[in-house]
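Look over the sequence and the model, then read on.

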Amino acid sequence: MSMAVALLAAEAGAGQTMTPVATGFFFYLLSALAIISAILVITRRNPVHCALSLIVTLLSLASLFLMLYAPFVAGVQIMVYAGGIMVLFLFVIMLVNLERALKEEQFNKQWLAGVAVALGLGALFFVVYRNGQNLFPGTPLELPEAQNTQQIGLGLYQNYLLPFEIASLLLLVAIVGAVVMAKKRS
Amino acid sequence: MLQYFQSYLRQPVTPGEAGNYLWATIYVLAVIIGVSLVVLTMNWGERKALAHMQIRLGPMRVGPHGLLQPIADAIKLLIKEDIVPAGADKPVFWLAPVAVVITAWTTLLVVPFGRTHAITDMNIGILFMLGTSSLGVMGIVMAGWSSNSHYPLLGSLRSSAQMVSYEVAMGLTVVSAILMTAMNDSGMYLRHAESANGLAGTLSMIGIVQAQATQGTWFVFKFFPLGLIAFGIFAVAMVAETNRAPFDLPEAESELVAGFHTEYSGFRWSLFMLAEYSGMVAVSSIAVTLWLGGWLRPFATVHGRRIEIPHYWQGGALDFASALLPALLFFGLALACFLAVARMPKLSVFRLQTVGLALFGALLGFVGVVLLAPPVRDRVQDVFWFGAKVAVFMYLYIWYRATFPRYRFDQLMRVGWKVLLPAGLAVLIATAVVGVVL
Amino acid sequence: MKPSSGDGAGRTFLDSSELVLNMGPQHPSTHGVLRVILKLDGEKVLGTECIIGYLHRGVEKIAENRTYAQFNPYVDRMDYVAAVSNGLGYCLAVEKLLNVEAPPRAQHLRVILAELNRIASHVLWLGTHALDIGAMTPLFYTFRDREEILKIFEKYCGARLTTHAFRIGGCIYEAYEGMEQEVLQFCDFVLPKIDEYEQLLTTNRIWLDRTRGVGPLNGRDCIALGVTGPVLRASGVKWDLRKAQPYSGYEQFDFEVPIGENGDTYDRYLVRIAEMRQSVRIVRQAVASLPQGPIMAKVPKVIKPPAGEVYVSVEAPKGELGYFVVSDGSTQPYRVRVRPPSFVNLQALDTMVKGQMVADVVAVIGTLDIVLGEVDR
Amino acid sequence: MELTTLHYLVVAAALFIIGTIGVLTRRNVVVILMSIELILNAVNLNLVAFSRLYNGLHGQIFALFIVVDAAAEAAIGLGILIAFFRNRETVNADEIDLLRW
C-alpha cells in the first residue's frame with residue numbers, strides 16, 4: 001500500500017505530461033525485432049514466411065514511430081501496410097509454386113557481389129555516422145504529441161499541397177496500371 | 001488503500017494519458033477479463049436468443065437455464081485433443097490463432113468505456129482501431145494458408161477480399177464522423193485559430209465523444225439524415241468486417257464447412273471464437289463511439305450542455321432516474337433469477353440448480369447494491385451506458401444471424417463496392433458541403 | 001503449392017486456373033453422402049462430377065430374393081423423407097401386375113397420406129434448402145410443422161418415417177378414430193405456416209439475390225435430361241403425373257399444377273410452396289369425400305402375379321417415381337427396377353451450375369431436392 | 001543510456017543494408033519487392049527520426065509520401081509480375097531476361 005501511495009505521489013509530480021519509462025528497453029526490443037525479422041525476410045526459403053516476417057518488421061517500425069512521437073505516421077504505417085502487404089502476401093500465396101520454390105536455389109549468382117556492395121554501403125554509413133556524430137545532438141527535443149495529426153493535416157494541405165495532389169495522381173495511375181497489367185488478355 | 005482508490009477516482013484523465021502504469025496495467029487486465037466475460041455471456045446469450053427465435057430452448061442442462069454452459073464448453077475445448085494436420089505449416093499454424101486474438105484485443109486499447117475508463121487515449125485513436133482491426137485478417141489468412149487444405153484456403157481468400165473491400169466503405173464513413181467533430185456547436189467549421197484550444201476535429205476516441213457532448217447531439221442525428229446514412233453504412237460494413245451473418249462467407253458452414261478454421265480444434269479453435277466475439281465488441285464500440293455518443297447517456301443535454309455527471313440530488317429527475325438505472329438493471333436481473341427460482345419444479349433433483357440460481361440472483365442483487373453506492377455510481381454510469389449501447393449491437397448481431405440468408409461472394413463484393421462505397425463517398429462529400437453551407 | 005490441381009507440378013492458380021475441390025461425401029450440405037468434385041476457377045465453377053454410391057444398399061437386387069409383400073417395406077428406405085409415395089408406387093405396380101385395384105376408400109386414404117407426405121417432404125426440403133443458403137431459422141419452423149404430419153402418420157400406422165402404410169391391394173389400417181378431424185385441423189394449421197415461410201423468404205432481398213437466376217434450366221433441357229417433378233414444372237413444363245395419367249383416383253380431385261417461368265432456383269421454390277397449398281386442397285377434398293367401404297381388395301394370400309412386366313409411375317414429391325416390375329410367375333419378382341426422381345434430377349446438376357459460383361452449387365443441390373437413399377438405392 | 005537520433009539512424013541503416021542485400025541477391029521477384037519495402041521503411045525511419053530531431057513535421061509528411069509511393073510501387077510491381085507469370089510461369093529474376101516476349 002505504501003508503495004502505491006508512493007507511486008501516486010510520483011504521478012502527482014509528473015502531472016499531465018507523459019513520463020516514458022523503459023524507453024531504452026523498448027527501443028532495443030523493437031529494433032532487435034525489426035532487424036531480426038528483416039534478416040528473416042531475405043533469408044527464408046518459403047516466401048510466405050518472408051511476408052510474415054516483413055509484417056513483423058513493419059509493425060515494429062510502427063511502434064518505433066510511436067516512440068518518436070509520430071503517431072499519425074505509425075497509424076498510417078499500420079493501416080496501409082496491413083492492407084498493402086496483405087495483398088502482397090496473398091499474391092505470394094497465389095503466385096509462387098511453393099514446392100518448386102523450396103527446392104530451388106534461393107540466391108542468384110551475384111550474391112557475392114551483392115553482399116560486397118551492401119558491406120560497402122555499411123562501411124559508408126559507419127564512416128558518415130562516426131564523423132557526423134556531433135551533427136545529431138544527443139537528446140532530441142521533446143515534440144508535443146498532441147495536435148500531431150492536425151499539424152500534419154495542415155502541412156499536407158498548405159505547404160505540401162502540390163506533392164499531395166501529385167501523390168494522389170500517382171495512386172490513380174498505379175491503380176489503373178495495376179488493373180491493366182493484371183487483366184487477362186483474351 | 002481506500003484513500004488511494006479515491007484519489008484515483010478523482011483523476012480526470014485515462015491512466016494512459018496520466019502515465020500511470022499501475023492503473024494502466026489494471027485497466028488492461030480489466031479490459032481483457034471483461035471482454036472474456038462478455039464473450040462467455042455472448043456465448044450463452046446468443047444460444048439462448050437464437051434458440052428462442054427458433055422455437056427451441058437452447059442450453060438447459062448445465063446449470064439453471066444453461067447458465068454454466070459456456071464454462072462447460074470452455075473446459076471441453078481446453079481438454080480436447082489439439083490436432084495439427086500433417087501437411088500444415090506448423091509455425092504459422094500455431095501463430096495464426098494467437099495473432100488473431102492479439103489484434104482483436106489490441107484494438108480495445110483505445111476504446112473509451114467512459115471519460116476516464118479507457119486504457120489510454122491516443123491522438124490517432126480511430127485510425128489505430130481501424131488499422132489494428134484490419135490486421136486481424138492476417139491471422140485469418142495465416143490460418144487458412146497454413147492448414148494446407150482447400151476449404152480453409154478458399155475461406156481465407158474470401159475473408160481477406162471481404163475485409164479489405166469493406167474497410168474502404170467503413171473508413172469513408174468514419175471520416176465523415178471525424179468531419180463532424182470539427183464543427184462547433186452551431187455546426188460551423190472551427191477556424192484554425194479556435195483549434196488551438198483543442199476543440200478542432202479529432203481522431204481521438206475520447207475527443208470524438210466529447211465533441212458530441214459539446215455539440216449537444218449524437219452524430220447519428222447530426223445533419224439529419226446524413227449522420228444516419230453514414231451510421232447505416234458503418235453498421236453494415238461492420239458486420240461484414242467481423243465476418244458475421246449475413247456476411248459470414250469465410251466460415252460459410254454450408255459451403256466451406258467451417259472456412260478458415262476448418263482444421264482447427266480445441267483450444268486453438270476457441271481462440272478464433274474469442275477473437276471473433278472480441279472483434280464484434282471492438283467494432284460495436286467504434287460504432288457507439290462515433291455515432292451513438294459513446295458513454296453519454298440519452299438526453300444528457302436536456303439540462304444544458306453538460307458533460308459532467310451531476311451528483312445524486314443535484315440534477316433533474318431524468319438525471320436521478322438514469323443514475324439509478326445501472327443498479328436497477330441488476331436488480332431486475334436478480335428479480336428474474338428469483339422468479340425463475342420460484343418457477344423451478346420442487347423436486348430433489350433440481351435442488352442444486354435452484355440453490356445455484358438463487359445464489360446467482362443474490363450475486364446480481366449485491367452488484368446492484370454496490371452500484372448504488374455514490375462513489376461507484378458516479379464512475380460506473382459511463383461504463384453502463386457504453387455497455388448498454390454495445391449490447392444493443394450484440395443483440396443485433398444475433399438477430400441478423402437468425403434472420404438473414406447468406407450473401408454470395410460476388411453479391412457481397414457488389415454490395416461493398418457498388419453500394420456502400422459510393423454511398424459512403426456521397427455522405428462524406430455531403431457532410432463536408434453541409435458543414436460549410438450551414 | 002496447395003492450389004495446384006494435381007495435373008502436374010509447376011502449375012498453379014493463375015495458369016491452370018483450375019482448383020479441384022472435393023465436396024463431400026462428408027460435407028454439411030451435400031444432403032447425405034453425395035460427393036461432388038468441383039473444378040473451380042477461383043469461385044467460378046467450370047465443371048462438376050458427381051460420385052454416388054456411398055449409400056448403395058442394393059435395394060433392387062434385394063427385391064429379387066423377397067416375395068412381393070416382403071419387398072414392400074424396403075421401398076420406404078429409398079426416399080425416406082417421402083416413404084408413403086414410394087410405397088404407393090410399388091403397391092400400384094404390383095396391383096397392376098395382379099390386375100386388381102384398391103377399393104375407393106383405400107384409394108382416398110392413400111391420396112390423403114401421399115399428399116400429407118408431399119407436404120412433409122417439401123417442408124423438409126424448404127428447411128434444409130434455406131439452411132444451405134444460410135437462413136438458419138426456417139429449418140426449425142419447418143421441422144415444427146412436419147412434426148404434425150409425422151404425428152398423424154404415427155397414429156395411422158405406428159411409424160413416423162418409414163411408414164409401410166400400404167399393402168398390395170389397398171391399405172391394411174383403417175383410418176383411426178378422429179383421423180378426418182385431425183387431418184382437417186392440420187390443413188387449417190399448415191396454411192398460415194406456409195404463409196409464414198413465405199413471409200420469411202419470398203420477398204427477402206438476400207433470398208432473391210441468392211435464388212433468382214441461379215441454376216437456370218429451360219424446359220427443353222429438362223426434358224432432354226429427363227428431369228421431372230417440381231424442377232421440370234418450374235421450367236414451365238406443365239407435366240404432373242397426377243393430371244397426365246391419374247392414378248389412385250386423382251382424377252376426382254380438383255387441383256392446379258403450379259408452373260414457373262424462368263426455371264431458376266427461385267421459381268422452383270415458388271412452385272414447391274404452391275404445391276404444398278395444392279396438396280392441402282387435395283387432402284381437404286379427399287377427406288370430405290372419403291367413402292365408406294372396404295379398404296382391401298381381394299388379393300390372394302400368396303401373391304403370385306402372372307408372368308409379365310409392368311411400369312407404373314407416380315408423382316412423388318421429387319418427381320416421377322417409376323417401378324418397372326418383371327414377374328416370371330413365381331412368388332418373387334424376377335426384376336424390379338426403380339426410376340428414382342432424385343437420381344435422374346441429379347444429372348442436371350452439371351448443366352445447372354456450370355459458370356456459376358461455389359455457393360450456387362450448394363443452392364442447386366438443395367433445389368434439386370435429392371435424397372441420397374434414393375439416388376444410390 | 002539516453003536514446004539519441006543516432007540510435008534510430010543505426011537501426012535504419014541496418015534495415016537499409018539488409019534490404020539492399022535482399023534486392024541484390026534474391027532470385028524470387030516477390031521477395032525482391034519485399035526487400036524494396038524494407039529499404040523504403042528504413043528511409044521512413046530516418047525521416048521520422050530527423051523530423052523529431054529538428055522538431056518539425058516535414059519529415060513525417062515525407063514519410064507519408066513514401067508510404068504512398070510504396071503502395072503504388074507494390075501495386076504496379078505485382079501487376080507486372082502477374083502479367084509476366086502468365087506468360088513465363090516463373091517469378092525468378094534470373095529468368096526475366098527479355099525486354100519483350
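This is a predicted model.

**A residue in chain B**

Begin with Ala211(B). Apart from its neighbours within four places in sequence, Ala211(B) is in contact with Thr181(B) and Thr202(B). Ala211(B) lies in helix H9 of chain B, which covers residues 205-215. Is Ala211(B) buried or exposed? Around Ala211(B) there are 25 other C-beta atoms within 10 Å. The cut-off for a buried residue is 20 or more. Ala211(B) is therefore buried. Ile178(B) and Ala211(B) are 33 residues apart in sequence. In space, their C-alpha atoms are 9.7 Å apart.

H6(B) is mostly covered, with 22 of its 22 residues buried. After H6(B) comes Asn148(B). The phi of Asn148(B) is positive, near 60°.

**Two helices packed in chain C**

Two packed helices are described by the angle between their axes and the distance between the axes. In chain C, helix H7 (residues 179-201) packs with helix H12 (residues 265-288) at about 165°, and their axes are 10 Å apart. Because angles over 145 degrees count as roughly antiparallel, H7(C) is roughly antiparallel to H12(C). Their crossing is left-handed.

Which residues of H7(C) and H12(C) meet? From H7(C) come Glu180(C), Val183(C), Leu184(C), Cys187(C), Val190(C), Leu191(C), Ile194(C) and Glu198(C). They meet Ile273(C), Met276(C), Arg277(C), Val280(C), Val283(C), Arg284(C) and Val287(C) in H12(C). The residues of this contact divide into 11 nonpolar, no polar and four charged.

**Where chain D touches chain A**

The contact takes 61 residues from chain D and 70 residues from chain A.

Which helix gives the largest share of the side of chain D that touches chain A? H3(D) does, with 19 residues. By kind, the residues on this side of chain D are 42 nonpolar, 13 polar and six charged.

Key. Residues are numbered from 1 along each chain as its sequence is written. Chains are lettered from A and ligands numbered from 1 in the order in which they are written. This is a predicted model: local features need pLDDT of at least 70, side-chain atom pairs count only at pLDDT 80 or more; totals for chains, interfaces and linings use all residues. Two residues are in contact if their C-beta atoms, placed from the backbone, lie within 7 Å. Helices (H or I, at least four residues) and strands (E, at least two) are DSSP runs, numbered from the N terminus. Ala, Val, Leu, Ile, Met, Phe, Trp, Tyr, Cys and Pro count as nonpolar, Asp, Glu, Lys and Arg as charged, and the others, Gly among them, as polar. A residue is buried if 20 or more other C-beta atoms lie within 10 Å of its own, exposed if 12 or fewer, and partly exposed in between; C-beta atoms are placed from the backbone. Axes are lines fitted to C-alpha atoms, for helices over the stretch in contact, and angles run from 0 to 180 degrees between N-to-C directions. Angles under 35 degrees count as roughly parallel, over 145 as roughly antiparallel, 65 to 115 as roughly perpendicular and the rest as oblique. A crossing is left-handed if the near helix is turned anticlockwise from the far one by less than a right angle, and right-handed if clockwise.
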